[in-house]
Amino acid sequence: MLHHKPPVADFFIITALTDKSKGLKGMSAFIIDKGTPGLSTTNHENKMGIRTSITSDVVLEDVRIPATQRLGAEGTGFATAMKTLDLARMFVGGLAVGIAQRALDEGIAYTKTRCQFGRPVAKNQGLQFKMADMAIQIETARQLVLHAHKLYELGLPYGKEAAMAKCYAGDIAVQVALDGIQLFGGYGYSREYPVEKLLRDAKIFQIFEGSNEIQRVVIANHILGKF
């Protein structure tokens with residue numbers, strides 16, 4: 001495991017309790033610059049996927065920063081974090097769509113050139129059905145992501161739609177990547193081909209920016225309301 005690697009980020013957003021008596025309403029967000037005394041990163045994770053993105057622990061040891069580095073008003077840290085999650089869910093939903101699309105594109109290219117019994121395997125109806133289902137799932141996820149973005153651009157509420165987009169896109173990214181491996185047969189399990197990497201990258205999209213279980217809680221709260 002790697003240690004003491006310099007941080008990639010130029011600054012960090014840290015949320016801290018500035019008034020413990022107020023609970024969530026006592027949380028405030030702060031911008032802390034790289035190089036601030038007491039700030040360091042450690043435990044750089046050796047991850048299954050998205051390996052070009054560094055994931056590390058952020059360590060704060062007697063870090064002192066002025067109130068001028070507070071992000072927003074005091075006590076708004078939790079609300080800021082929730083708004084950030086809504087935005088991020090749309091963005092990672094788009095990334096998940098991209099992974100799924102790559103898996104389908106690779107499968108199409110491979111099955112058109114891989115021949116068995118004198119013809120490309122893409123002519124087998126069973127594989128055609130699988131690729132058609134993959135395309136349907138990808139396009140559905142893409143439209144959910146685009147719809148959430150459009151609501152955001154129009155200044156309309158989009159939290160439910162962002163959760164739906166992230167949840168569905170994350171789930172289908174994993175399923176489409178699995179199907180992509182299946183299209184390659186035994187070769188799909190080999191690192192000689194890119195589809196196994198797509199599966200490793202896809203899995204995190206069911207976990208970060210709020211797990212897909214949490215997305216379902218968010219969606220349920222929106223559609224049920226208070227009762």
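**Questions on a predicted model**

Colleague: Which order do the elements of the chain follow from the N terminus on?
Modeller: The model is predicted. Its chain holds five helices and seven strands. From the N terminus, these elements run β-β-β-β-β-α-β-β-α-α-α-α.

Colleague: What percentage of the contacts with a separation of 6 or more comes from residues 24 or more positions apart?
Modeller: Contact here means heavy atoms within 4.5 Å. Among contacts in the chain with a separation of 6 or more, the share from residues 24 or more positions apart is 66%.

Colleague: How many Å apart are the centres of the positive and negative side chains?
Modeller: The chain carries 27 positive and 22 negative side chains. The centres of these two sets are separated by 3 Å.

Colleague: Is helix H3 largely enclosed by the rest of the structure or largely open, and how many of its residues are buried?
Modeller: H3 covers residues 159-184, which is 26 residues. From first C-alpha to last it reaches 38 Å, close to the 38 Å expected at 1.5 Å a residue. A residue is buried when its relative accessible area is under 20%. H3 is largely enclosed by the rest of the structure, because the number of its 26 residues that are buried is 19.

Colleague: Which residue follows H3, and what is its phi?
Modeller: H3 ends at residue 184. The residue after the helix is Gly185, with a positive phi near 65°.

Colleague: Is Asn212 buried or exposed?
Modeller: Asn212 is found in helix H5, residues 212-224. Leaving aside neighbours within four places in sequence, Asn212 is in contact with Lys166, Cys167, Gly170, Asp171, Phe205 and Gln206. Its relative accessibility is 3%, so Asn212 counts as buried.

Colleague: Where does Phe117 lie, and is it buried or exposed?
Modeller: Phe117 lies in the loop between strand E6 (115-116) and strand E7 (119-120). Phi of Phe117 is positive, near 55°, in a residue other than glycine. With 87% relative accessibility, Phe117 counts as exposed.

Colleague: What is the phi of Glu209, and how does this residue count by accessibility?
Modeller: Glu209 sits in the loop between helix H4 (195-203) and H5. It is not a glycine, yet its phi is positive at about 55°. Its relative accessibility is 26%, so Glu209 counts as partly exposed.

Colleague: Which residues are in contact with Arg51, its neighbours within four places in sequence left aside?
Modeller: Arg51 is placed in the loop between strand E3 (39-42) and strand E4 (57-60). At 52% relative accessibility, Arg51 counts as exposed. With neighbours within four places left aside, the residues in contact with Arg51 are Asn46 and Arg200.

Colleague: How many Å separate the C-alpha atoms of Arg51 and Arg200?
Modeller: Arg51 and Arg200 are in contact. Along the chain they are 149 residues apart, while the separation of their C-alpha atoms is 9.6 Å.

Notes. Residues are numbered from 1 along each chain as its sequence is written. This is a predicted model: local features need pLDDT of at least 70, side-chain atom pairs count only at pLDDT 80 or more; totals for chains, interfaces and linings use all residues. Side-chain values use heavy atoms; hydrogens and water are left out. Helices (H or I, at least four residues) and strands (E, at least two) are DSSP runs, numbered from the N terminus. Lys and Arg count as positive and Asp and Glu as negative; His and the chain ends are not counted. The place of a charge is taken as NZ of Lys, CZ of Arg, CG of Asp or CD of Glu. The expected span of a helix is 1.5 Å times one less than its number of residues. Buried means under 20% relative accessible area, exposed over 50%, partly exposed in between (1.4 Å probe, protein chains only).
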